[in-house]
Amino acid sequence: MKTIEYPLSHASLDYIELNHLLKVAGFADSGGAGGVLVTTGAVKVDGQIELRKRNKIRPGQVVQIEDTEIRVLPNPAGLVLAEAVKAKPTSKPLSTRNAPGPAQRRRPRSGGKPKSTAK
């Protein structure tokens, strides 16, 4: 049986969701595809079939899929791996939901009543 060791990638994380673990280990292209693998019953956690796709996998637990074991390890000495580095915050406002765009702004009406087209 093949064994993969996966250290948690950020010091502040004490778990990884099962569907994301399958993604980073290369068994699924996305977290959603990892969730589908879990719901089919093809994944075992610590020897038991696991059907919860967002199950929290903590250091010391072993995930089995096909002929591979994935051993989750604690983060070694606060190491931050590249996948855990977040993007820099932007200077965009938190919400632009109620702000009208240029096409949504109304022009002021000219004074008076609207003209009637009927004769």
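In what order do the five strands of the open sheet lie? I began my notebook with that, keeping in mind that this is a predicted model.

**Entry 1: the sheet.** I traced the order as β1-β7-β6-β3-β4, and I noted that the pairing is mixed. Next I looked for the edges. They are β1, residues 2-7, and β4, residues 48-49, and each of them pairs on one side only.

Entry 2: I zoomed in on β3, which covers residues 43-45, and found it antiparallel to β4, with two bridges joining them. I also looked up the partner of Lys44, and in β4 that is Ile49.

**Entry 3: the core.** Then I turned to the largest nonpolar core and found that it has 14 residues. Leu18, Leu21, Val43, Ile57, Val63 and Ile70 have the most contacts inside it. Which elements give two or more residues to this core? I listed α1 (18-24), β3, β6 (62-65) and β7 (68-73). Of these, α1 gives the most, with three residues.

**Entry 4: confidence.** The chain averages a pLDDT of 77, and 61% of the residues score at least 70. Over residues 83-89 the pLDDT is below 50, and this stretch has six contacts in the model beyond near neighbours in sequence. Where pLDDT is low, the predicted coordinates should not be read in detail.

Definitions and conventions:
Residues numbered from 1 in each chain as written. Predicted model: local features only at pLDDT ≥ 70, side-chain atom pairs only at ≥ 80, totals over all residues. Heavy atoms only, no water. pLDDT = per-residue confidence, 0-100. Contact = heavy atoms within 4.5 Å. Pairing = 2+ DSSP bridges. Helix = DSSP H or I, 4+ residues; strand = E, 2+ residues; numbered from the N terminus. Core = buried A, V, L, I, M, F, W, Y, C linked by side-chain atoms within 4.5 Å. Buried < 20%, exposed > 50% of the residue type's maximum accessible area, 1.4 Å probe, protein only.
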